[in-house]
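Please look at the sequence and the model first.

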Amino acid sequence: MSNLLIGWIGVGALFGLLAFRMSIGTALMAVSFIGITVMFNLQAALGIVSAMPFNLIGDWSLTAIPMFLFMGFIAANTGLTAGAFDLLRVLLARVPGGLASASVGACGLFAAASGSSIATTAAMSKIAVPEMLKAKYHPSLATGVVAASGTLGSLIPPSILMVLYGIFTEQSIGQLFIAGVIPGVLSGFVYMAMITVRATVTPGLAPAVIERVDRKKLLGLLWSVWPFPVLVLGVLGGIFGGFFTPTEAGAVGAFLAATVALLRRSLTGKALAEAIRQTTLATSSIFFLSIGAVMFTRFMGLSGVPRALTDMMLSVSDNQFVIILMIAVLFVFLGMVIDSIGLILLTLPILLPVLEAADINLIWFGIICIKLLEIGLVTPPVGLNLYVLHSALSGEVKLRDIISGTTWFIAMDILTLFILIAFPAISLFLPSLMAQ
């Protein structure tokens, strides 16, 4: 039996194990270990198992992940997001669907201060959704907007998915962060435009909420959002200004979030303990998946599957846009049944040689990849953000209403995706400008 055939059998076995609900990390490790044993011998497989996990966890770049997660969970558990929503609610009060648009803006701001879609969705579900339901917004819109806007945490820097992508593709994490700014803002504006049009056409979907605010209250609301400029300028300003690396920025961000929460007297022992617990669980899960992905990368490289797939795809077309569209279809399909982190770690070992052979800019593809993963976060049956939101609301809104509410936002994501594919300069403009 050839190594190539063993590799393809391994890919099939992997998806078979996933269909039986085995965890992605365990499935990746099991298939890789058995595959390498069959191709070579048990000693070779044991050598990889003993060496690769240590080499991966010892990578300094990976320390950015727990730090950014810690920053996000501190912000979520200490209420650093409430002020942004209150301010935007007032500023957009006269715009049709203003509360929903305020939710989009607040999610975007929180995403810039956390780097986590899950943390963004969980925090905003307790702040924005009750306000919209109280204002008689349709439950599907009230929940759909938060579930979809929470995904902006994947695209607006700092982003955990960007860190993982940068490490596994050996691309600059700083350049990926810079490249995500314009696409992230574009996604938010597309959401807001769609909400405004729908609320104008169907007023009952999002009843007008007129709130009179005097100058004193407005100034108070402006003052309440000061944590965001501190966190954003501290983290992104430091990276873009060259004061520290993206890895060091994670530690700076966690320190700033804790300091800001302490100054606001919201950093209680309970909040800190919960942030530490959430960070530990999320980090261990990501690292476990990463170890499986590294082993699977080695197995795929030894089997020759990536090279065979490259030749197969290039025989269909060597046009970069055609290849991107084929990969997009694959991601949308897999995104329905695999979570975003698992999907990116599962597919990169196979697709990276295809991208390199087609001479596709990996920074540009990184933004396309993250956008595809955003769609997966709100696409059932897995759609992690859907269940995070449903759980955070304690079943107050039915899951089918949440899923229904995300339909329009998925359509807007697909529109934005085509724009980013058709115009690579949107993603590459800022990185090119910063390089000059």
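Q: What accessible surface does the protein chain have, and what share of it belongs to carbon and sulfur atoms?
A: This is a predicted model, in which local features need pLDDT of at least 70 and side-chain atom pairs count only at pLDDT 80 or more, while totals for chains, interfaces and linings use all residues. Residues are numbered from 1 along each chain as its sequence is written, and side-chain values use heavy atoms, with hydrogens and water left out. By the Shrake-Rupley method with a 1.4 Å probe, the accessible surface of the protein chain comes to about 18,200 Å², and the share of carbon and sulfur atoms is 69%.

Q: How many helices and strands does the protein chain have, and what is its radius of gyration?
A: Counting DSSP runs (H or I of at least four residues for helices, E of at least two for strands, numbered from the N terminus), the secondary structure comes to 23 helices and zero strands. The globule rule (2.2 Å times the number of residues to the power 0.38, with the radius taken over C-alpha atoms) gives 22 Å for 436 residues, and the chain is close to that value, so it is as compact as a globular protein of that length, with a radius of gyration of 22 Å.

Q: Which helices do the buried residues of α10 pack against?
A: Helix α10 spans residues 160-169 and is mostly covered, since ten of its ten residues are buried, where buried means under 20% relative accessible area and exposed over 50%, with partly exposed in between (1.4 Å probe, protein chains only). Among these buried residues are Ile160, Tyr165 and Phe168. With contact meaning heavy atoms within 4.5 Å, the buried residues of α10 pack against α4, α9, α11, α16, α19 and α20.

Q: Is arginine 265 buried or exposed, and what is its relative accessible area?
A: Most residues other than glycine have a negative phi. Arginine 265, in the loop between α15 and α16, instead has a positive phi near 60 degrees. Arginine 265 is exposed, with a relative accessible area of 78%.

Q: What is the relative accessible area of aspartate 359?
A: Aspartate 359 is in the loop between α19 and α20, and has a positive phi of about 60 degrees although it is not a glycine. Aspartate 359 is exposed, and its relative accessible area is 63%.
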